[in-house]
Amino acid sequence: MAAAASNLPGPARHDSQGIPMHSPGRRLTTATNPHKDIHPVPDKSHIGPDIEAYKAAHSDTVGPHSDAWWAQQARENLTWIKDFSIVRTGGFPSAEELKEDNPNPPSTLPITWFPDGSLNACYNCVDRHAFKNPDLTAIIYEADEPGEHQYITYGMLLNEVCRVANVLKDMGVGKGDTVTIYLPMTWQAAAAFLACARIGAIHSAVFAGFSAESLRDRILDCGSTVLITADEGRRGGRSVATKVIADQALKECGDANPVKHVLVLSRTGSKTVASQHFTPGRDVWWHEAVANVPSYCPPEAMNSEDGLFILYTSGSTGKPKGILHTTGGYLLGALLTVKYVFDVHPGDKFACMADVGWITGHTYIIYGPLSLGTTTTFFESTPVYPSPSRYWETVSKHGLTQFYSSPTAVRLLRKLGHQHVQDHDLSSLRVLGSVGEPINPEAWNWFNEHVGKGECAIVDTFWQTETGSIIVTPLPGAIETKPGSATVPFFGIETEIVDSMTGKALDGDNIEGVLCIKKPWPSIARTIWGDHKRFIDTYLRPYPGYYFTGDGAGRDEHGYIWIKGRVDDVINVSGHRMSTAEVESALLLHNGVAETAVIGTADEMTGQAVNAFVTMKPEFSYNPTTEQALVKELVLQVRKIIGPFAAPKRIFIVADLPKTRSGKIIRRILRKIVAGEGDQLGDLSTVAEPEVVEVIKKKVADSMSA
């Protein structure tokens, strides 16, 4: 499969001045854009087109002929059971349509893509590749313990998917039903996802680190009659009591429990689970069930707009939002972003180091790579088990070509030292990716120098659960990069920087506002399960006529987009607007700082004040006596790098920060603690180490009372 669209030119080189300069205006601050010079495209990248080709191709995807482009991509890259004649309908409602007192529903057609076409996501991800080359490796399963890896071929995957699909059918699951999946990072999770897609069931994956309460809420909200789980999980050398947690969740469902069957994968062969946590008549062992059903299950023809999966996102208030993605548009978005953003070619070995319980795992471990017929990676362990070399040992052992991880993981490994990288052969790598939050320049440069050896393209990607796939990103071979910038919109994405007060799009460059999207794209979520009004209110009502990402953003003198974090992470101190990422980058320049999280809080004098939480590197020595001097030193550093207006009002030196199990810092928790709302923290099910929250609450309380 070709890596470049047919209307893109072949390989072409260009110099570091390939991006046109615009007339100067107000420049972004040094901390926001600390590297004036853009990084040239590495020679190792091989998509080929330069910035001008990108512009021409992008205009085809958003202009008057864009439907033809999307139709071509859908037909060339996906296998359809029934071809489509309509490419898309609908748009984002106007202010008039969104009026609360509007007696008529919005006249805007519902958002659809290829609505009269039918296909099957599982067939596109498995069958067509298995029939062509059954011995091609579909999945590299890198188990928690080094040396226990497995290679799963497309033929093996098809067999397992069909058997699981037949088991689900025997349990009464049919088209449109929901199935909750609560599995650790084993390759069988892919079989579970795809088995649901094969028979037309909607899967609802719940990250296997979530609590019983969180699992309960998600099961009840989507009404699953079947739960797929495991006896235990393995991570970082430790066992996780997956089945025990699942049992507790089902117990807490009470009389409302919709689950009639539980399919249990034997991951560790736990005798305790088998003897004490197995309910006959409800629970069935995976290996026993698949041995007693036919080895082939015909794929169900699904309308392009039929639901594929629900994925829940947590908020600071209210119940989690069940984001619904549909079949055709989502699958096309996943496929095209893997193809272009990561420069995937036949024979590549793609590695996304996320968990399948998150949207990154859905799109860039399962649906994106497998729909392309490439090899994907399931990484069950942690970056530091049994040593901080684990990632690089994995890359070297399997010859991985693309490596997609989080800024948090990069910062952690940077903190532990490049000596853990240097003795491993990383020459197979071509593209390094970052996802989850803006990556600070120091981490970007470390990633580039020590992992990529200055030869790999680095793609700093921006997207969300709701967008389904990447929407702002560099393209290897075409887009020169700046550390910390997500750079340009992906194909089909029309971004606008909108004034947060007026709701008007801001023209030109060197501007800041909120990031919005003008028109729907194929992989956009269609609704919140059971609550479409909440979907409208959250994403479409704030800025009528646009999709609102919830993030602040800037556009620099090259037209590059800089993501500044959630809008509530943009701080306004006495009229000076700055992003939390800006202050965090300034703090990270201190040689002892490992990680930072900056928040804004209300202040009587300045409107808002900067508060920073900082962790120090293990080798950096300080004690309670010298801590205040260290705080003053950090404040002076921010004043020097950004300006006096950015000086933090308080800096809390802490041992660790509250993070999700995927490594993302949960800043809303810090905001509430500093605001004195430590007893109203909302949903804490995503916190990896809950005890960290209590330690921080005490630290803040002691500081405030001092």
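**Entry: helix 10 and helix 11**

I started with a pair of helices in this predicted model. Helix 10 covers residues 327–341, and helix 11 covers residues 359–372. Their axes lie 8 Å apart, and the packing angle is about 85°. An angle of 65 to 115 degrees counts as roughly perpendicular, so I noted helix 10 and helix 11 as roughly perpendicular to each other.

Next I listed who touches whom. From helix 10, the contact includes Tyr 330, Leu 331, Ala 334 and Leu 335. From helix 11, it includes His 362, Tyr 364, Tyr 367 and Pro 369. I sorted the residues of this contact by type: nine are nonpolar, five polar and one charged.

**Entry: helix 3 and helix 11**

I then turned to helix 3, residues 121–132. Helix 3 packs on helix 11 at about 45°, with the axes 8 Å apart. The two helices are therefore oblique to each other. The crossing is left-handed.

Helix 3 brings Ala 121, Asn 124, Cys 125, Arg 128 and His 129 to the contact. Helix 11 brings Tyr 367, Leu 370, Ser 371 and Leu 372. I counted types again: five nonpolar, three polar and one charged. I also saw that Tyr 367 of helix 11 is listed in the contact with helix 10 and in the contact with helix 3.

Which order do the strands take? I read 5-4-17, in an open sheet with mixed pairing. Strand 5 (150–153) and strand 17 (376–379) are at the edges with a single partner strand each, so one side of each has no neighbour in the sheet. From one strand to the next, the twist averages 20°.

Strand 4 (residues 137–142) and strand 17 run parallel, joined by four bridges. I looked up one partner: Ile 139 is bridged to Thr 376 in strand 17. Helix 12 (residues 390–398) packs on this sheet and touches strand 4, strand 5 and strand 17. The direction of helix 12 makes about 145° with that of strand 4.

**Entry: helix 14**

Is helix 14 (residues 441–451) largely enclosed or largely open? Nine of its 11 residues are buried, so the rest of the structure largely encloses it. Trp 444, Trp 446 and Phe 447 are among the buried ones.

I checked what the buried residues pack against. The list includes helix 12, helix 13 (407–416) and helix 16 (580–588). It also includes strand 18 (402–405), strand 19 (431–434) and strand 20 (457–460).

Methods:
Residues numbered from 1 in each chain as written. Predicted model: local features only at pLDDT ≥ 70, side-chain atom pairs only at ≥ 80, totals over all residues. Heavy atoms only, no water. Axes fitted to C-alpha atoms, helices over the stretch in contact; angles between N-to-C directions. Parallel < 35°, antiparallel > 145°, perpendicular 65-115°, else oblique. Contact = heavy atoms within 4.5 Å. Nonpolar A, V, L, I, M, F, W, Y, C, P; charged D, E, K, R; others polar. Pairing = 2+ DSSP bridges. Left-handed = near helix turned anticlockwise from the far one by under 90°. Buried < 20%, exposed > 50% of the residue type's maximum accessible area, 1.4 Å probe, protein only.
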